[in-house]
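I opened this model for a first look. These are my notes, in the order I took them.

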Amino acid sequence: MKKEWKWGTENDYYVRTAGWSPPGDHPVGCGMILHVKDGKLVGVEGDEEHPINNGRLCIRCLSLPEYVHHPQRIIYPMKRAGERGENKWIRITWDEALDTIEKRTKEIIAKYGSESIVVFQGTGREATQHSYALASAVFKTPNAVYAQSGWSCYGPRLAVDAFVFGGGYPEIDYAAMFEDRYDNPNYRVPEYIVLWGKSPLASNPDGFYGHSLIDMYKRGAKFITVDPRVNWLATRSEYHLQLRPGTDAAMALGWLNVIINEDLVDHDFVDNWTIGFDELAKRVQEYPPERVAEITWVPAETIKAAARAFAKARSAGIQWGLAIDAQPNGVQAAHAIICLLALTGNIDVPGGNILGPSHSLLGNWRFNEAGAELSEELRNKRIGQEYPGVLMTCPTAHPDSILDTLETDKPYPLRMAFISSSNFMAPTCSAQPKRWYKAMKEKMEFVVATDIFMNPTINACADIFLPVATFAEKDAIVFPHFGRNTQVMSAINKALTVGEAKSDLEITRLLGLRLNPSFWKEQTDAEFFTDRLADGDSGITFEMLREMGAYAPPNEYRKYEKGKLRPDGEPGFRTVTGFIELCSSLYPNFDEDPLPYFVEPPYSPVSTPELFEKYPLIMTSGARRFSSFHSEHRQIKSLRAIDPWPEIEIHPDTAAAYGIKNGDWVEVENMFGSARLKAKVTPIVHPKVVMCSHGWWYPEQDGAEPNLYGVWKSNINNLIPHKHVGKIGYGAPYKCMICRIRKADGVGIEY
Ligand SMILES: Nc1nc2c(c(=O)[nH]1)N[C@H]1C(S)=C(S)[C@@H](COP(=O)(O)OP(=O)(O)OC[C@H]3O[C@@H](n4cnc5c(=O)[nH]c(N)nc54)[C@H](O)[C@@H]3O)O[C@H]1N2
Ligand SMILES: Nc1nc2c(c(=O)[nH]1)N[C@H]1C(S)=C(S)[C@@H](COP(=O)(O)OP(=O)(O)OC[C@H]3O[C@@H](n4cnc5c(=O)[nH]c(N)nc54)[C@H](O)[C@@H]3O)O[C@H]1N2
Ligand SMILES: [Mo]
């Protein structure tokens, strides 16, 4: 269907587009219509014609005009005018900015080698799509990095999927491939949808459109929630398994025990398409529901009932989320979850978990271009060689190893950083942010950052600030899953220009033209996208996508039967063996157990009982809120009004025992650090569990050191240890630490 993408008059017009954060859209792409009048964005509405969100938008997109025209937004390039951390900056031209970066880069390369440059990427956002190429094809460094300990977001999910069944992150079937969506005769609404450590309404649309859950619910789908907290969907669930944080692998093994021992297995699928069933069947005997109940705190009868309901359903899907990635045992939990899907035959079938279209790996250039311009010698210098499983599945350096290298200069010095869409040092991604802060300040000789707003990380250590366009200000494409397993992609159409902000891609291309011109040929962003789309086989160009708005590449069910998953065209899955590996053939290479197993979180009542006496509460963190995207949006008034302060959710009995009332400030502490948050006394958490907000800083406070926008005051990652990662190198205990609490005050925070 051909759609108009721009209409109105020269000074008063509408543009159909889709979002890629900022703000708040992560890599999925809700459709919306922007209204521009006299050069200003004045209105945002959901696009009713968008096939998935059908006009629904959340408050972050609705507040886009406030964000785009915010008085604190940085819309011109700047250079530091004092010492780092002084918060003194002056405006410069793009020419001066680019000249300086070119000159300093060449000096650094001459002195320390290009491997001494680190490209820091953040979560999602279009910058992430280009950061691998920015590292390897602009700066010629093998060290792109996402600085979250254990790469604890999405990387683990993709890696386990790649290891075990050779695919991207499989989504619940929400009929994305059909034009008539849920009404298509080949589609089947999942009878059960399991939401496992995933809260898709608030985190929507991160790799999964939360809207579709409501659509499927209305059509009869039932929910099972595996979550230590009672979130909104949990209250609508047939079963809510309120487990102890960090015990997900035990829970999944418990379900497998029930399904195997009660013979609820889809033998046809298992016999034809999997290997390792006998080994798995033996392993799960170690996890009878009664033992799992002890580990997870969920009654054995509930575990059994949920496992049976899932396995007996005509079709069922599981969407697992960040809570699985953000624990050191997450690789095993995800492996066991994939085993659950495989044992019940719920992979790539109507109403199960489906794999994206195989033939058009849209957006795959991100991976193809990673390492593209690096010599063999440089490739081998990638930091994190001790984690081959991570290096094999993510074209980045290992985050924890980067910090160690920065601190020790071993095996070589890191001296320049390009920070692209991350507030990693503080307060978002990194564990032990004060260590990062110190190391970055002491070791980095030249730091460039791209962002929309000033933030504590940039103020503390950057020398040049490059202003970035929001999605309202650029032409681009937004891909779920960064182009892997993409079911729908949408056009981002430029609606207006603000100041001198440039898109992440344009900044990358401009630097590429100076530092490695043979690779960077395109003159515009639209040309770049058309060229990259031509690498797939969809046959569409960027201009065509504009007209279509959103595009769902042709897809079909049961691709494994038809030879459509493997490059050799043979039936089966894209693993080493061609089968879904219930027992992994790869893990022994990483010195890892080939079968899923449960191991206690590094700090827990069981693994560290003496510490637990001192720190007797289990802490999870960062459950998403509609009003912010990590550390973003704290300065957006209408959003801050909804969630003015960081919160710690405490059960009423626990709060009473500590003499804490709703709205009191609370000091949360453990052996690694402390943070101050406001009490939200609520029965949605277990009495022994607290949930703490992440990503807090105070843009309204003094930005100069030592205050740095109050970044240390409520930084929950002060309490997260460094390098407590899983054996393969993935997963860190962001969602399963221990802590204690005491009543405090809001001095220095509240105004
Ligand atoms: N305790 C705890 N910590 C966590 C989590 C948790 O659950 N608990 N979650 C973790 C997870 S999953 C993640 S992914 C990380 C996220 O960590 P980060 O990616 O570091 O997230 P942000 O703090 O939002 O930093 C992103 C920065 O990019 C800027 N930005 C926004 N859009 C763009 C853009 O289009 N281009 C550019 N160049 N910049 C842009 C924003 O203004 C912001 O300053 O945090 C992790 N930290
Ligand atoms: N509004 C908004 N949306 C976002 C983001 C944002 O910052 N704001 N960030 C984006 C990013 S980068 C990501 S990775 C996603 C994350 O989004 P999701 O994958 O949905 O993850 P979370 O919201 O962190 O947590 C989901 C649920 O896990 C539960 N949980 C906590 N600990 C455990 C545990 O140990 N086990 C289990 N089973 N459950 C647990 C929490 O109570 C919560 O209900 O959201 C994305 N979308
Ligand atoms: Mo994330």
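One of its oxygen atoms is 2.6 Å from an N or O atom in the side chain of D451. The model is predicted: local features need pLDDT of at least 70, side-chain atom pairs count only at pLDDT 80 or more, while totals for chains, interfaces and linings use all residues. Residues are numbered from 1 along each chain as its sequence is written, chains are lettered from A and ligands numbered from 1 in the order in which they are written, and side-chain values use heavy atoms, with hydrogens and water left out.

I went on to N455, where a side-chain N or O atom is 3.0 Å from an oxygen atom of ligand 1. At S621, a side-chain N or O atom lies 2.9 Å from a nitrogen atom of the ligand. How much of the ligand's accessible area does the protein cover? I found 99% of the 910 Å² that ligand 1 has on its own, by the Shrake-Rupley method with a 1.4 Å probe.

Next I looked at the shell, taking residues with a heavy atom within 4 Å of the ligand. I noted 33 residues around ligand 1, and the closest are T428, D451, D504, S631 and N717. By class there are 11 nonpolar, 16 polar and 6 charged residues. Here Asp, Glu, Lys and Arg count as charged, Ala, Val, Leu, Ile, Met, Phe, Trp, Tyr, Cys and Pro as nonpolar, and the others, Gly among them, as polar.

**Domains**

The assignment gives domain 1 (78-151 + 361-486 + 499-524), domain 2 (170-354) and domain 3 (609-743). Its bounds come from an automatic or database domain assignment. Domain 1 and domain 3 each give at least three residues to the shell of ligand 1. I also looked up the centres of domain 1 and domain 2, taken over C-alpha atoms: 36 Å separate them.

**Strands**

I took strands as DSSP runs (E, at least two residues), numbered from the N terminus, and paired if DSSP finds at least two bridges between them. Strand 23 (residues 617-621) and strand 28 (residues 737-744) are antiparallel, with 3 bridges. L617 has C739 of strand 28 as its bridge partner. Strand 25 (residues 665-670) also pairs with strand 28 in the antiparallel sense, over 5 bridges. There E667 stands opposite R742.

Then I turned to an open sheet of 4 strands, with order 12-11-10-14 and parallel pairing. Strand 12 (239-241) and strand 14 (316-320) are at the edges with a single partner strand each, so one side of each has no neighbour in the sheet.

Definitions and conventions. Polar contact = N/O pair within 3.5 Å; in protein donor to acceptor, adjacent residues only side chain to side chain.
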